[in-house]
Amino acid sequence: MRHKRGFAFSKFKKISNKSFDCILILAIVFLIISFQAYLFFEEVKKDFLVSDTIYLAVPLFTSIVCFCTAKSYGFSDVFGKSIFALGIGIFFYFLGEVTYLYYEYTIEADPYPSFADLFYFLFYPFVVFHIHRNIQYFGEKVSKSTKILSGAIGIGIVGIFVFLTYSDFKNSLFSFYIGLFFIISTAVTMSFAIIGVKAFWQTVLSSSWLIITVSLLLFVVGDVWYYYLEINQLYSYKHPVNMFWIASFGFIVYAMLKHLRTM
Amino acid sequence: MNPLDALLAEALSSVIKKNLGARTLKRIEKRLQEKYGYTMTMSIKNFHTLDATLREFFGPTADRIEKDFVNGIFGTDTKNGDMWITIQNKELAELVLESFGNKEKRKILEYSFTNSTTLSKILKSCEIPKSSGYRLINELIQRGLLVADSYVSDEGKEISRYTSIFNGLDIHIKDNTIVVNCLFKKNFLKNSYIMKLVHNENN
């Protein structure tokens with residue numbers, strides 16, 4: 001068994017970096033397009049569907065990949081613990097999905113807003129911890145320009161959300177404030193990720209960190225779009241906004257594999 | 001090779017493992033082997049090779065990593081103009097404690113605090129039989145606690161004179177933890193690459 005695992009890993013390492021990147025990006029894009037196409041033809045939702053299974057499976061699989069990566073670093077103080085925290089954050093997102101579907105199918109109540117949002121929210125502090133732990137260890141003193149840039153990006157994200165929902169939010173003030181709360185959380189996460197990019201820029205982990213930032217950017221786009229849709233009551237489980245979150249988790253898996261290849 | 005750097009070498013490896021994981025340690029070791037033909041221990045003893053490899057992996061943040069390695073091993077405190085070093089690394093503290101826990105090794109080290117002389121004179125002054133004495137001295141040399149610092153000429157032959165790397169030692173218990181404070185000899189401190197690193201970080 002050990003021999004077989006070693007053989008598989010050596011094959012995984014033998015693939016060139018370019019091929020590895022191409023294979024994974026193409027795989028993520030292919031899966032996203034296929035899933036969206038499938039949703040287009042799926043019957044109207046009445047019962048638990050294949051798409052629900054995918055919405056549950058993707059974050060669960062991503063958190064398992066993170067836990068395995070943390071284990072391969074022996075839960076060391078920096079890499080191990082920070083990646084483990086990322087895994088916990090994604091696992092909370094998975095629990096959010098479970099709760100969301102529980103509201104939808106078992107209680108048959110509107111899942112937004114609901115207790116599921118608490119689990120969705122818990123994703124952010126763990127991701128911030130992941131980024132902060134890495135910056136704390138690897139980052140030099142954060143320069144003024146980096147602080148301004150990351151702050152401007154954070155404010156920009158919140159500004160875009162307010163701008164998009166400005167004309168509609170008076171109709172649904174409660175949804176607006178919940179949305180704003182989540183958008184501020186996602187903006188803070190993104191700002192930290194920008195500082196992380198600067199911290200890792202000249203290291204071998206720069207590409208892995210860049211992929212994590214791209215995944216968070218996809219998450220931000222998904223969040224802004226989703227809360228805009230919720231305020232205007234336009235959201236449906238078939239909406240392409242879901243693909244941003246799925247793609248985001250796909251890129252986190254890609255970043256973890258890249259991290260393992262580099263270190 | 002500076003004796004102080006050699007003493008700290010083993011402990012540094014465990015700090016890398018603790019912070020970055022065994023996987024990263026192996027990866028760094030592999031690169032060191034490819035580039036310099038060194039093992040991790042050898043590279044720590046030739047610190048510039050480890051420094052260059054860390055820079056290859058982590059860029060300018062290698063400075064910070066090195067500082068964390070050093071801070072995880074010891075802390076420094078200046079008393080009456082002398083720099084006392086508190087050993088925080090468990091393995092290193094146990095190595096010192098074990099050596100001072102042995103009555104005869106302690107005799108040898110205490111004598112060598114203030115004297116630099118040949119092995120035979122050390123054994124004679126400490127009244128330790130030669131049969132077991134050389135074995136004990138060899139252990140202390142291997143652990144880096146006793147080091148050759150000069151030579152003496154005897155009938156045309158050069159014989160090494162040995163001294164302890166410490167000038168003084170203070171072992172006490174604080175909050176159920178054994179604290180080992182060492183006063184290293186100034187010439188070893190002055191020439192230590194690792195101590196230079198600590199000095200640069202503190203400034």
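In the predicted model, Cys22(A) is partly exposed, its relative accessible area being 46%. Cys182(B), by contrast, is buried, with a relative accessibility of 0%. The closest cysteine sulfur to that of Cys182(B) belongs to Cys126(B) and lies 19 Å away, so the two are too far apart for a bond. A disulfide requires the sulfur atoms to be within 2.5 Å, and by this rule zero disulfides are counted over all chains.

The sheet of chain B was examined next. Four strands of chain B make up an open sheet with the order 1-2-6-5, and their pairing is antiparallel. Strand 1 (74-79) and strand 5 (166-174) of chain B form the edges, each pairing on one side only. From one strand to the next, the twist averages 25°. Strand 1 of chain B runs antiparallel to strand 2 (residues 82-87) of chain B, and six bridges join the two. Opposite Met83(B), in strand 2 of chain B, stands Thr78(B). Helix 5 (residues 90-101) of chain B lies across strand 2, strand 5 and strand 6 (177-184) of that chain. Relative to strand 5 of chain B, helix 5 of chain B runs at about 105°.

The largest nonpolar core contains 90 residues. Those touching the most other members are Phe79(A), Phe123(A), Phe138(A), Phe161(A), Phe249(A), Ile28(B) and Phe58(B). When residues up to four places away in sequence are not counted, Phe161(A) touches Phe176(A), Gly179(A), Leu180(A), Ile183(A), Val224(A), Tyr227(A), Tyr228(A) and Ile231(A).

Side chains of opposite charge can pair when their charged atoms come close. Over all chains, the structure holds twelve salt bridges. Arg31(B) takes part in a salt bridge with Glu34(B), in which the closest N and O atoms are 3.0 Å apart. Both residues belong to helix 1 (residues 3-36) of chain B, where a separation of three residues corresponds to about one turn of the helix. Glu34(B) is exposed, with a relative accessible area of 52%, whereas Arg31(B) is partly exposed at 26%.

A salt bridge also joins the side chains of Arg31(B) and Glu56(B), with an N to O distance of 2.5 Å. This pair links distant parts of the chain, since Glu56(B) is in helix 3 (residues 47-58) of chain B and Arg31(B) is in helix 1 of chain B, 25 residues apart. Glu56(B) counts as partly exposed, at 32% relative accessibility.

Another salt bridge is formed by Glu139(B) and Lys105(B), whose closest N and O atoms are 2.6 Å apart. Glu139(B) counts as partly exposed, at 25% relative accessibility, while Lys105(B) is buried, with a relative accessible area of 2%. Through salt bridges that share partners, Glu98(B), Lys105(B), Arg135(B), Glu139(B) and Arg143(B) are joined into one network.

Definitions and conventions: Residues are numbered from 1 along each chain as its sequence is written. Chains are lettered from A and ligands numbered from 1 in the order in which they are written. This is a predicted model: local features need pLDDT of at least 70, side-chain atom pairs count only at pLDDT 80 or more; totals for chains, interfaces and linings use all residues. Side-chain values use heavy atoms; hydrogens and water are left out. Two strands pair if DSSP finds at least two bridges between them. Axes are lines fitted to C-alpha atoms, for helices over the stretch in contact, and angles run from 0 to 180 degrees between N-to-C directions. Contact means heavy atoms within 4.5 Å. Buried means under 20% relative accessible area, exposed over 50%, partly exposed in between (1.4 Å probe, protein chains only). A nonpolar core is a set of buried Ala, Val, Leu, Ile, Met, Phe, Trp, Tyr and Cys residues joined through side-chain atoms within 4.5 Å. A salt bridge is a side-chain nitrogen of Lys or Arg within 4 Å of a carboxyl oxygen of Asp or Glu.
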